[in-house]
Amino acid sequence: MRREYDCLGENTKPTPAMKLVCLSNNPSKPCFVLYFKSVALMLDCGLDISQIAHFLPLLTIPGSLLTRVSQWSGVGGDKRTKLSEKMVNEFRECMGRVFIDGTPEFSVPEFGVVDVSQIDAVLISNFNTMLALPYLTQYTNFHGKIYATEPTIQIGRMYMEEMVKYIERNPKLKVASAWKEEEFANIVPPPLRSAVEPRGWRKFYTQHDIDACLSKIQAVGFNEKLDVFGALQVQSVSSGCCIGSSNWIIQSAFEKICYVSGTSTLTTHPKPMEQAPLKNSDVLILTCLTQTPLALPDPMIGEFCVNAAVTVKHGGSVLVPCYPSGVTYDLFECLSGHLDQCGLSNTPMYFVSPVSDGSLAYSNIYAEWLSTGKQSKVYLPECPFPHAELVNSGRLRHFKDINELGSDFQMPCILFTGHPSLRMGDAVHFIEAWGKNAANTVIFTEPDFPYLEALGPFQPLMMRVCYCPVDTSLSFAQANKLIRDLRPLHLVVSETYTTPPPQAPLRSDLTIDWEPSPLTYKKYEVVNLPVKRQWETVLIDPLLAAELEPVEVKPGAAICMLTATLVSRDNKYTLKPLSMEAQSETGLVRRADGTALKKTYLFGSPNIQNFVDMLTQQGISSIKVEETETGSIIHLPNDDTLIQVDGRSTHIICDDESIRVRLRDTLLKCLKQL
């Protein structure tokens, strides 16, 4: 049998099934542990990289402007304690904002809250929710299985490798840790003072960690059913958010839980979302809703194209800090079409990323994971994405880093490069190189980072800034409609989804509206899922089944009694015949030929009329029957006897023992025998 699980560490009592533990503070980078039946599942393993905004950028060219930022002006002075001198080399100040000068660190899910060794499997929804996997597989005692679709694995690899190369290409050797000590809590300047659990931040992993981690992932297909220790079946269905993105269905013989993460109902390049398999679940866990509830994706893409075209018309260049996949493919397609309409077809577009080759190549070979329109082009044959044609025609050129640009680099141009945080990658170089020219524009399209915080270390900045966040995840209106269509019995959402966002505190429509009120989660909280197990499937061994002799108790229904051994293995239960030792211990009576002497069982309620007739045949007269709300009362005045019969019991009240025995035997004849 599978073991019971400790939900919050080794010193707690075993936790029964149907519990959910949240290990992440950011609902857009989720990480849960679900205790379902006797199996523990981790749902996604997202990495919160927003903390990188507190750090100075990793410089691509030594001696640039950022090396001349001043030390924090708050350090020193007579009123400061001597302890503050330890932080003098850890902080830098730019335009009144304080940044950490050290190796970038990230907020990792708090794996120490649960016993990781007891997690049986990890279900990954998309490449954006798997970036913390190497921390789990390489730095804990996790030994379970990991499931994800093939595009998720490969694109997730590219995301990880790009980050590793950005950090290792321009490393900072020192780690800023002194400011995290509790004794400095009142000295640390804002916004670092309100940073979420900085002691849990970790340096990024290595390429070796990535290779070792991804080798442990098992690739799955949409609608493929996987068995988890015989207790559960898990199945991935398309979520429509990005190539290979999945929602997960987790079910046993009697319960069904759906995990909806990173979902989109829009028509873009991925395969559309599948709703039908998610309907009528016992529990629906909903996360990864839009991070920009006030900005719709279609108008934002249109605004992006207009701003880019206007900049190029006026002789400026456009910088687009972006990820190597996802919405970037749609931006290539929409922007190229808009430039054609504006007569700017000759404007060069550049895609600079350490994984640019793999990103553009993989997107064209995953035809079965794309929308119907994209798939149909494969059979013409044509490349499903326009960027393949743009590359062939020379309009879109891709390079691994800025050193490869060479003499072919032309301006004005439109340049896609990373990282969207502006803390690492080639975008750091270009924001410095183009920032003093007001004709240039930087356009932010990724919603993960507030653009003003991203630009903090580069102030003052002369170039034009546009914020056009394109988030195709479910809006609150789409989420509420989806919930109504799926009709779950219970709903689980982040606590932040039940109140309006801070930027629109009066917009009650920007919340999850569901009756009854949904269950909410927050970091480290254990949510008891309202699903109670009532039944379990039990198989009967063929040898035992052959010995059964059912008795029909009513038309279409037959029952029988049996004595057997219940065997539990891999969460499956089987009734098998008793061994000879067990039979001797149970005291079964056997005939001389060795066959078991079957015991007779009585059941049912006595038929009152038959009972009265049998008493009359035995010479008992003067029988009075009185009907009550719960049954009948039979009075034998000549024998001074009262018999009470209700739905659950029969009582014989009599002073004469011989009459009581005769009445008992007569009453037993009126019952059914098994």
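There are 14 salt bridges in this structure, which is a predicted model.

**K174 and D101**
- The side chains of K174 and D101 form a salt bridge at 3.6 Å, N to O.
- This one reaches across the chain: the partners sit 73 residues apart, with K174 in the loop between α2 and β12 and D101 in the loop between β8 and β9.
- K174 is partly exposed at 36% relative accessible area, while D101, at 13%, is buried.

**D485 and K481**
- Here the side chains pair up at 3.0 Å, N to O, in another salt bridge.
- Both belong to helix α11 (residues 476–486), and because D485 and K481 are 4 residues apart there, about one helical turn separates them.
- D485 comes out as partly exposed at 26% relative accessibility, and K481 is partly exposed at 47%.

**D509 and R507**
- D509 and R507 make a salt bridge through their side chains, at 2.9 Å from N to O.
- D509 is partly exposed at 43%, and R507 is partly exposed at 37%.

**Helices α5 and α8**
- α5 (residues 327–341) packs against α8 (residues 386–393) at about 65°, with the axes 9 Å apart, so the two helices are roughly perpendicular.
- The crossing of α5 past α8 is left-handed.
- On the α5 side, Y329, F332, E333 and S336 make the contact, and they meet P386, H387 and L390 of α8.
- Sorted by class, that contact has 4 nonpolar, 2 polar and 1 charged residues.

Conventions
Residues numbered from 1 in each chain as written. Predicted model: local features only at pLDDT ≥ 70, side-chain atom pairs only at ≥ 80, totals over all residues. Heavy atoms only, no water. Axes fitted to C-alpha atoms, helices over the stretch in contact; angles between N-to-C directions. Parallel < 35°, antiparallel > 145°, perpendicular 65-115°, else oblique. Left-handed = near helix turned anticlockwise from the far one by under 90°. Contact = heavy atoms within 4.5 Å. Nonpolar A, V, L, I, M, F, W, Y, C, P; charged D, E, K, R; others polar. Salt bridge = Lys/Arg side-chain N within 4 Å of Asp/Glu carboxyl O. Buried < 20%, exposed > 50% of the residue type's maximum accessible area, 1.4 Å probe, protein only.
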